[in-house]
Amino acid sequence: MALKVELKPHERIIIGSCVITNTDQRARLLIDGDNIPILREKDILTPETADTPAKLVYLAVQLMYISPGADADHGTYFNLLRDIITTVPSAWPIIEAINGHILNGDLYQALKEAKKLVAFEKKLLEQAEAEQQDKPVSSAA
């Protein structure tokens, strides 16, 4: 079954190892093939935009997804996980789901779970920021 993708003007998409950039009009693509990595621009992280631990995990999984067989990314991925689990043990259920998908070779699903990790991290950071703002400022006299 073909995947239907509609691209906005100038939107980019990764198909396999190619980056495709749309022209100045909307385009509709039908992509037919098995196990071809496809990522829309909104789902692509770059090393510059991966500015938090969870986003770095997402980037590592993304690299595994778009370049199958790149085992070098696995080491980076597991080092990042160790850091996250040490500081945020409550992230374990999401990380366990990511690991399960990676072990089963379903890297697209692992990427979807990694997106949940990014959302979880964002929520924790927002909560911490709100708590910081609610604390009264003490002054030394």
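Two strands count as paired if DSSP finds at least two bridges between them. Strands themselves are DSSP runs (E, at least two residues), numbered from the N terminus. This is a predicted model, in which local features need pLDDT of at least 70 and side-chain atom pairs count only at pLDDT 80 or more, while totals for chains, interfaces and linings use all residues. Residues are numbered from 1 along each chain as its sequence is written, and side-chain values use heavy atoms, leaving out hydrogens and water.

**The sheet**

- Strand β2 (residues 12-15) pairs with β5 in the antiparallel sense, over three bridges.
- On its other pairing, β2 joins β3 over four bridges, again in the antiparallel sense.
- Together, three strands make an open sheet in the order β3-β2-β5, with antiparallel pairing.
- Which strands lie at the edges? They are β3 (18-21) and β5 (38-40), each of which pairs on one side only.
- On average, neighbouring strands of this sheet are turned by 20° against each other, direction ignored; here axes are lines fitted to C-alpha atoms, and angles run from 0 to 180 degrees between N-to-C directions.

- I15 stands opposite I38 in β5 and opposite C18 in β3.
- β2 and β3 form a hairpin with two residues between them, and G16 in the turn has a positive phi of about 65°.

**Salt bridges**

- Side chains of opposite charge can pair when their charged atoms come close.
- Searching the whole structure gives seven salt bridges (a side-chain nitrogen of Lys or Arg within 4 Å of a carboxyl oxygen of Asp or Glu).
- R40 forms a salt bridge with E11, and their closest N and O atoms are 3.1 Å apart.
- This pair links distant parts of the chain: R40 is in strand β5, and E11 is in the loop between β1 (3-7) and β2, 29 residues apart.

**Two domains**

- The protein chain is assigned domain 1 (1-41) and domain 2 (45-133); such bounds come from an automatic or database domain assignment.
- The centres of domain 1 and domain 2, taken over C-alpha atoms, are separated by 24 Å.
- Six residues of domain 1 are in contact with four residues of domain 2, where contact means heavy atoms within 4.5 Å.
- Between them, domain 1 and domain 2 bury about 430 Å², 73% of it on carbon and sulfur atoms; buried area is the accessible area (1.4 Å probe) that two parts lose on being put together, summed over both.
- Which residues supply 80% of the area that domain 1 buries against domain 2? They are I14, P37 and L39, which supply more than any other three residues.
- How many salt bridges are there between domain 1 and domain 2? The count is zero.
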